[in-house]
Amino acid sequence: MSDRTLKLATGNWVEGPDSWDRDEELKLFMERLGEGANLLLVAPRRIGKTSLMREAARRMEEAGTHLCLNVDLQRSLSAADAIVELCLAARPHESLWNKTKSIFENFLGRVESLELHEIAVKLRSAVTPADWQQKGDRLMEVLAASEKPVLLF
C-alpha cells in the first residue's frame with residue numbers, strides 16, 4: 001500500500017507531487033509522440049487526460065525536443081474560433097508567436113502591449129467565415145516550419 005493519500009480535488013489538472021501512478025502511461029505517451037504519432041485520448045471526465053498531456057508537454061519542452069501548445073477549444077463555437085485559439089496558444093513561445101501573429105498583422109498592427117483578452121477579440125474579428133480556412137492553412141504552415149516539432153495538446 002502506498003503511503004500517499006488521494007486528495008479530494010476538483011478543478012484544473014494536477015501536476016508535480018499531486019500527479020502520480022501514471023509513469024508507464026506517460027512513458028508510452030511520450031514515446032509515441034516522439035515517433036510522430038497522432039494520438040487521441042478518450043476517457044470519462046476527471047480521469048487525468050489533461051494532467052497526462054500537460055506533464056508530457058512539460059517534460060518534452062524541458063528536454064528541449066518539442067514546442068508544446070496547450071489549446072483549449074472548449075469556448076470555440078466554430079472553426080474560425082479554433083484557429084484563433086491555436087494562434088493564441090503559441091503566445092508563450094516568442095519565436096513561434098511572432099510568426100503566427102503575422103497571419104493577422106493587418107488587424108494587430110505592430111502593437112506589442114495588448115492584453116491577451118484584447119488580442120483574442122482582435123484575432124476573432126480578423127477571422128471571417130470566408131477566410132478562416134486560408135488563415136488556418138497558413139497557421140499550420142508556420143507551425144510545420146518551426147525549428148522544433150510542434151505538438152498540439
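Buried, as used here, means under 20% relative accessible area, with exposed set at over 50% and partly exposed in between, for a 1.4 Å probe and protein chains only. By that criterion α3 is mostly covered, since nine of its eleven residues are buried. The buried residues of α3 are A80, D81, I83, V84, E85, L86, C87, L88 and A89.

The structure is a predicted model, in which local features need pLDDT of at least 70 and side-chain atom pairs count only at pLDDT 80 or more, while totals for chains, interfaces and linings use all residues. Residues are numbered from 1 along each chain as its sequence is written, and side-chain values use heavy atoms, with hydrogens and water left out.

**Overall organisation**

The chain has seven helices and two strands, where helices (H or I, at least four residues) and strands (E, at least two) are DSSP runs numbered from the N terminus. Read from the N terminus, these elements follow the order α-α-β-α-α-α-α-α-β. Of the 153 residues of the chain, 31% count as buried. With contact taken to mean heavy atoms within 4.5 Å, 60% of the contacts between residues at least 6 apart in sequence join residues at least 24 apart.

**Helix packing**

| Helix pair | Angle | Axis separation |
|---|---|---|
| α1 and α2 | about 60° | 10 Å |
| α3 and α7 | about 30° | 9 Å |
| α4 and α7 | roughly 155° | within 9 Å |

For naming these arrangements, angles under 35 degrees count as roughly parallel, over 145 as roughly antiparallel, 65 to 115 as roughly perpendicular and the rest as oblique. A crossing is called left-handed if the near helix is turned anticlockwise from the far one by less than a right angle, and right-handed if clockwise. For the make-up of a contact, Ala, Val, Leu, Ile, Met, Phe, Trp, Tyr, Cys and Pro count as nonpolar, Asp, Glu, Lys and Arg as charged, and the others, Gly among them, as polar.

Helix α1 (residues 23-34) and helix α2 (residues 49-62) pack at an angle of about 60°, which makes α1 oblique to α2. The crossing of α1 past α2 is right-handed. On the α1 side the contact comprises E25, L26, F29, M30, L33 and G34, and these meet L52, M53, E55, A56, R59 and M60 of α2. By class, this contact of α1 with α2 holds eight nonpolar, one polar and three charged residues.

The pair α3 and α7 is roughly parallel, and its crossing is left-handed. Here A79, A80, I83, L86 and C87 of α3 meet W132, K135, G136, L139, M140 and L143 of α7. The residues of this contact divide into nine nonpolar, one polar and one charged.

Helices α4 and α7, in turn, are roughly antiparallel to each other, and α4 passes α7 in a right-handed crossing. The contact is formed by L96, K99 and T100 of α4 with L139, V142 and L143 of α7. Its residues are four nonpolar, one polar and one charged.

**Individual residues**

L139, in helix α7, counts as buried because its relative accessibility is 1%. Apart from residues up to four places away in sequence, L139 touches I83, L86, C87, T100 and I103.

H93 is placed in the loop between α3 (79-89) and α4 (94-101), and is buried, with a relative accessible area of 13%. A polar atom of the H93 side chain lies 3.1 Å from the backbone oxygen of C68. Leaving aside neighbours within four places in sequence, H93 is in contact with E61, L67, C68 and L69.

P149, in the loop between α7 (132-144) and β2 (150-152), counts as partly exposed at 46% relative accessibility. Although P149 and H66 are 83 residues apart in sequence, their C-alpha atoms are 5.1 Å apart in space. With neighbours within four places in sequence set aside, P149 is in contact with T65, H66 and L67.

Most residues other than glycine have a negative phi. R46, which is not a glycine, has a positive phi of about 70°, and its place is in the loop between α1 and α2.

Conventions. Axes are lines fitted to C-alpha atoms, for helices over the stretch in contact, and angles run from 0 to 180 degrees between N-to-C directions. A polar contact is a pair of N or O atoms within 3.5 Å; within protein, one must be able to donate a hydrogen and the other to accept it, and residues adjacent in sequence count only if both atoms are side-chain atoms.
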